[in-house]
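Dear colleague,

My notes on it come after the display.

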Amino acid sequence: MTHSATASTARWRLKQPSIIPGFGMTLGFSLAYLSLIILIPVAGLLWRTAGLGWGGFFAVLTDYRTLRALYISFGTAFLAAIVNVVFGTLVAWILSRYNFPGRRLIDAMVDLPFALPTAVAGIALAALYGPNGWIGSFFMPFRIAFTPLGIVVALIFIGLPFVVRTVQPVMEELDREMEEAAATLGANRLQTIVSIVLPALTPALLTGFALAFARGVGEYGSVVFIAGNIPYVSEIAPLLIVIRLEEFNYAGATAVATIMLIISFVMLFVINFIQAWSRRRYGNG
Amino acid sequence: MSEPSHIKFRNPADERPLAKVLLIALSLAFLVFFLFLPLVSVFVEAFRKGWEEYYEALVEPDAVAAIRLTLTVAAIAVPLNLLFGLCAAWAIAKFEFRGKSFLITLIDLPFSISPVISGLVYVLLFGSNSVLGPILKSHGIEILFAVPGIVLATIFVTFPFVARELIPLMQDQGTGDEEAALSLGASGWQTFWFVTLPNIKWGLLYGVLLCNARAMGEFGAVSVVSGHIRGLTNTMPLHVEILYNEYNFVAAFAVASLLALLALVTLALKTILELRFGAGAAGGRH
């Protein structure tokens with residue numbers, strides 16, 4: 001043990017010595033499975049895009065319908081993530097701070113969008129917010145479903161648990177003594193919340209926002225039923241990929257997919273960066 | 001010393017009662033509009049024309065075939081991802097090796113990829129104008145627009161669920177128990193079966209539960225690779241879509257209500273696991 005430990009500092013090795021068996025088998029299987037299911041197919045997509053060349057790629061990218069679809073996807077996902085940050089924080093606040101009848105039930109129900117299949121959510125929201133639905137008929141003649149606003153509604157549903165479940169644990173671990181200290185120093189409740197509580201929650205809020213936004217951009221199942229899917233108006237980027245595939249326009253589908261993939265990688269990087277930054281600064285993530 | 005009981009002091013680090021009531025009311029209103037009413041409307045729409053029609057929609061042959069296919073796909077995809085989750089978590093949590101955090105990022109990758117793209121990558125890999133397409137065709141192997149394609153797409157989207165529950169859990173537990181068992185003469189397999197597995201069983205169950213819910217409910221990825229052949233390559237979510245697009249709303253919501261029930265059962269079991277074994281037993285991440 002001792003001399004192999006000193007040897008490990010001397011020369012490069014893949015893993016630290018250990019008496020536990022199975023490293024080769026488990027890592028080998030994991031890497032093989034990861035490569036077959038994820039890496040090779042995704043690399044195939046990028047390889048096909050490379051085959052288009054810059055010219056072909058930019059032709060698809062700058063096509064007005066592609067630009068509109070990307071704009072609608074990102075715009076609606078952004079709006080929905082903003083709404084979710086506001087109301088998700090509020091929900092996390094009442095769940096972690098207040099005691100009221102039905103709190104447990106509501107806490108469990110917040111995860112519904114994780115568990116409910118997206119197609120089910122899609123048809124339910126379309127029925128509810130449609131012109132004849134319980135909520136939709138209330139707002140008539142103003143239409144919610146089958147407009148870009150309908151997309152926002154679906155993405156609020158999909159993204160809510162991402163914000164609540166990111167913010168809630170951080171909220172529960174907040175040091176109440178900080179708030180009491182602020183109060184004894186003469187701050188009123190609103191001042192305490194704005195200048196003591198919110199800054200401590202900022203990394204969690206940013207992470208929740210980014211997670212909800214990233215999920216919203218790629219969401220398909222819940223959106224297609226409520227969106228109306230009118231090109232240039234309420235056609236989201238994932239739907240455009242499906243439409244290009246149905247037209248056997250593989251180049252078009254591939255190019256749009258690659259743009260979305262690159263943007264989601266950037267998002268993933270940003271989320272990891274926020275979490276690393278907040279761990280360094282606040283000791284939580 | 002003690003205060004007269006009729007004087008109530010408010011904790012200065014707490015909101016006024018009225019503010020509390022308002023905040024709770026506002027949150028509940030939001031949740032009613034965006035969570036409860038959608039869920040309730042699934043069941044209301046499903047029973048709009050009574051039990052008779054509801055039952056008819058579920059026993060109709062295409063619906064039965066869709067239910068069977070969904071169960072089959074989950075029965076293949078979930079155990080494979082379970083095996084992967086165990087292997088990946090064992091390698092990552094029990095050993096120190098280079099590139100570990102990069103590997104964890106790669107495992108999470110499917111969560112940040114749009115489901116439609118998850119399906120598209122297989123269409124590009126196995127489609128008729130791909131490299132593999134003609135070879136598969138000459139051997140009579142069908143992957144796209146057939147069950148294998150649906151299974152692959154489902155595995156792709158549910159790939160991280162078990163692994164990401166187990167990795168933090170097993171990292172927290174460390175390697176002490178396993179090292180003790182091994183030093184007492186247990187074999188590797190015995191150590192796994194009698195020491196590691198009992199330690200992680202609830203976290204494992206939690207991951208399997210979430211993996212299964214997503215596997216049975218996946219729509220986007222499966223929709224791209226399935227070809228929507230009724231009675232053959234239609235899973236339950238795809239069947240819901242077809243019925244809905246045919247304006248057969250009662251049948252669409254009837255099949256959807258089964259999926260909603262699955263979601264409710266998943267949530268109930270998940271809550272029980274969290275209450276009984278704490279957030280620690282259940283990873284605590286999503």
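The notes below take up the interface, the annotated spans, a helix pair and the salt bridges in turn.

The model is predicted, so that local features need pLDDT of at least 70 and side-chain atom pairs count only at pLDDT 80 or more, while totals for chains, interfaces and linings use all residues. Residues are numbered from 1 along each chain as its sequence is written, chains are lettered from A and ligands numbered from 1 in the order in which they are written, and side-chain values use heavy atoms, with hydrogens and water left out.

Interface of chain B and chain A

In chain B, 91 residues are in contact with 90 residues of chain A, contact being heavy atoms within 4.5 Å. About 8200 Å² is buried between the two chains, and carbon and sulfur atoms give 80% of that area; buried area is the accessible area (1.4 Å probe) that two parts lose on being put together, summed over both. On the side of chain B, the residues that lose the most area to chain A are Phe30(B), Phe34(B) and Arg98(B), together 8% of what that side buries.

Two salt bridges are found across this interface, a salt bridge being a side-chain nitrogen of Lys or Arg within 4 Å of a carboxyl oxygen of Asp or Glu. Lys270(B) and Asp111(A) meet through their side chains in a salt bridge at 2.5 Å, N to O.

Helix 1 (residues 17-46) of chain B gives the most to the side that touches chain A, with 20 residues. Helices (H or I, at least four residues) and strands (E, at least two) are DSSP runs, numbered from the N terminus. By class, that side of chain B has 64 nonpolar, 16 polar and 11 charged residues. Here Ala, Val, Leu, Ile, Met, Phe, Trp, Tyr, Cys and Pro count as nonpolar, Asp, Glu, Lys and Arg as charged, and the others, Gly among them, as polar.

Annotated spans

In an unreviewed entry, UniProt lists "domain: ABC transmembrane type-1" for residues 67-270 of chain B; its positions are given in the numbering used here, feature names are shortened, and annotations may be inferred rather than shown by experiment. That span is 78% helix and 0% strand, with its end C-alpha atoms 23 Å apart. For chain A, the unreviewed entry gives this domain as residues 70-271, a span with 78% helix, 0% strand and end C-alpha atoms 21 Å apart.

The transmembrane regions that UniProt lists for chain B (unreviewed entry) include residues 21-44, which are 100% helix with end C-alpha atoms 30 Å apart.

Helix 3 (residues 64-97) and helix 12 (residues 237-246) of chain A pack at about 145°, their axes 8 Å apart. Axes are lines fitted to C-alpha atoms, for helices over the stretch in contact, and angles run from 0 to 180 degrees between N-to-C directions. The contact has six nonpolar, two polar and two charged residues.

Over all chains the structure holds 18 salt bridges. In one of them, Glu179(A) pairs with Arg176(A), the closest N and O atoms being 3.7 Å apart. These two residues are separated by about one helical turn, because they are three residues apart in helix 9 (residues 176-184) of chain A.

With kind regards
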